[in-house]
Amino acid sequence: MTDKTIFSRIIDGELPGTFVYQDDVVVAIRDLKPAAPVHVLVIPRKPIPSLQHLDENDVELAGRMLLAASRIAEQEGLEDGYRLIVNTGPNGGQTVPHLHLHILGGRKMTERMVP
Ligand code: AMP
């Protein structure tokens, strides 16, 4: 048994993952069940459970996640735009308790989540 998250196990090479980006703070893998032609997860190596658990020590990490997302979107050819999603907690629909950004692109996002 392990209490490591699925994402920590992928980062540590214990489970397979398709990596599209790695640096010292974050990695990015393709989502197993893509909801768009491009669906990439940007994951900090540090296993922060969710956005609700970020603290002042994570300010640089949070910025690095966003910067990585921007770089990856460019690398994936999403010059026409994309959507970033951070599902947070049970009401946010989060299923993996390890902070991650979803990059969704390659199609027009027709589902409007905010008015
Ligand atoms: P969330 O529901 O926001 O917590 O997102 C978790 C995401 O992780 C979902 O989109 C899943 O499809 C994805 N996922 C779960 N297991 C894996 C895996 N082993 N490799 C890649 N993506 C995964």
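This is a predicted model: local features need pLDDT of at least 70, side-chain atom pairs count only at pLDDT 80 or more; totals for chains, interfaces and linings use all residues.

Author: Histidine 100 places a polar side-chain atom 3.0 Å from a ligand oxygen atom. For histidine 102, a polar side-chain atom lies 2.8 Å from an oxygen atom of the ligand. How much of the ligand does the protein cover? On its own, the ligand has 510 Å² of accessible area, and the protein covers 83% of that.

Now look at the site as a whole. The ligand sits in the largest pocket. Two elements give two or more residues each to the shell around the ligand: α1, residues 6–11, and β2, residues 26–30. The largest share comes from α1, with 3 residues.

Next, count the shell. The ligand is surrounded by 16 residues. The closest are Asp31, Asn87, Thr95, Val96 and His102. Sort the shell by class, and it has 7 nonpolar, 6 polar and 3 charged residues.

Finally, turn to charge in the wider structure. Side chains of opposite charge can pair when their charged atoms come close. A search of the whole structure finds 8 salt bridges. One of them joins the side chains of arginine 64 and aspartate 24, at 2.5 Å from N to O. This pair links distant parts of the chain, 40 residues apart. Arginine 64 is in helix α2, residues 59–75. Aspartate 24 is in the loop between β1, residues 19–22, and β2.

How values were computed. Residues are numbered from 1 along each chain as its sequence is written. Side-chain values use heavy atoms; hydrogens and water are left out. A residue is near a molecule or strand if one of its heavy atoms lies within 4 Å of it. A polar contact is a pair of N or O atoms within 3.5 Å; within protein, one must be able to donate a hydrogen and the other to accept it, and residues adjacent in sequence count only if both atoms are side-chain atoms. Accessible areas come from the Shrake-Rupley method with a 1.4 Å probe; for residues, only the protein chains shown count as cover. On a 1 Å grid over the protein atoms alone, a cavity is a set of points where a 1.4 Å probe fits but cannot get out, and a pocket is an open set with protein on both sides within 12 Å along at least five of seven lines; lining residues have an atom within 4 Å of a point. A molecule sits in a cavity or pocket if more than half of its atoms lie within 2 Å of its grid points. Helices (H or I, at least four residues) and strands (E, at least two) are DSSP runs, numbered from the N terminus. Ala, Val, Leu, Ile, Met, Phe, Trp, Tyr, Cys and Pro count as nonpolar, Asp, Glu, Lys and Arg as charged, and the others, Gly among them, as polar. A salt bridge is a side-chain nitrogen of Lys or Arg within 4 Å of a carboxyl oxygen of Asp or Glu.
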